[in-house]
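Please look over the sequence and the structure that follow, and then read on for a guided walk through them.

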Amino acid sequence: LRADAPDSARDWALWCSGDQWRMWADLDASVRTGRSARQRAGAAPGYGHLDRDADAARIFNGAMAGLTRRVARAVAKAIDWRGVRRVMDVGGGQ
């Protein structure tokens, strides 16, 4: 979990154990009401809160980039890319 280690999962662990942990801990209320924990707390929808929290945004972007690096390598090895001209990753983060 060192920040300077190749393929570190540090940001992912920080992201999941911080704000996300609290949101998932409230999943039952989200299912019952149909509203996210952030909505019920009066916060910005989706990931809008990252616009106001530079530290959380840095951790989120690091988590998304780190996870994508790991998954992308596995996908690149598993798929026959002959004939493929374009590949797009549509997701969160930077």
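**A walk along the chain**

Asp7 lies in the segment before helix H1, which covers 10–17; helices here are DSSP runs (H or I, at least four residues), as strands are (E, at least two), and they are numbered from the N terminus. Although Asp7 is not a glycine, its phi is positive, at about 60°. With a relative accessibility of 33%, Asp7 counts as partly exposed, because this class lies between buried, under 20% relative accessible area, and exposed, over 50% (1.4 Å probe, protein chains only).

This is a predicted model, in which local features need pLDDT of at least 70 and side-chain atom pairs count only at pLDDT 80 or more, whereas totals for chains, interfaces and linings use all residues. Residues are numbered from 1 along each chain as its sequence is written, and side-chain values use heavy atoms, with hydrogens and water left out.

The mean pLDDT of the chain (the predictor's confidence in each residue, from 0 to 100) is 86, and 97% of the residues reach 70 or more. Confidence is lowest in helix H2 (residues 19–25), with a mean of 81, and highest in helix H3 (residues 27–33), at 92. Where pLDDT is low, the predicted coordinates should not be read in detail.

Ser30 has its place in helix H3 and counts as buried, at 17% relative accessibility. Apart from its neighbours within four places in sequence, Ser30 is in contact (heavy atoms within 4.5 Å) with Arg35, Ser36, Ala37 and Arg40.

A search of the whole structure finds three aromatic pairs, and ring pairs link Trp15, Tyr47 and Phe60 into a cluster. Rings of Phe, Tyr and Trp (its six-membered ring) pair if their centres lie within 6.5 Å, and planes under 30 degrees apart count as stacked, over 60 as edge-to-face and the rest as tilted.

On the surface, Trp12, Leu67, Val71, Val75, Ile79, Trp81, Val84 and Val87 form a nonpolar patch, with about 640 Å² of accessible area together. Such a patch joins nonpolar side chains (Val, Leu, Ile, Met, Phe, Trp, Tyr) within 5 Å, taken from residues with over 30% relative accessible area and no salt bridge. Helix H5 (residues 54–78) gives the most to this patch, with three residues; Val71 lies in helix H5 and, at 44% relative accessibility, counts as partly exposed.

Arg85 is found in the segment after H5 and is exposed, with a relative accessible area of 79%. From C-alpha to C-alpha, Arg85 and Pro45 are 35 Å apart in space, and they are 40 residues apart in sequence.

Definitions and conventions: Patch = residues over 30% accessible without salt bridge, like charges linked within 9 Å, V, L, I, M, F, W, Y side chains within 5 Å. Areas by Shrake-Rupley, 256 points an atom, 1.4 Å probe, with all protein chains shown as cover. Salt bridge = Lys/Arg side-chain N within 4 Å of Asp/Glu carboxyl O.
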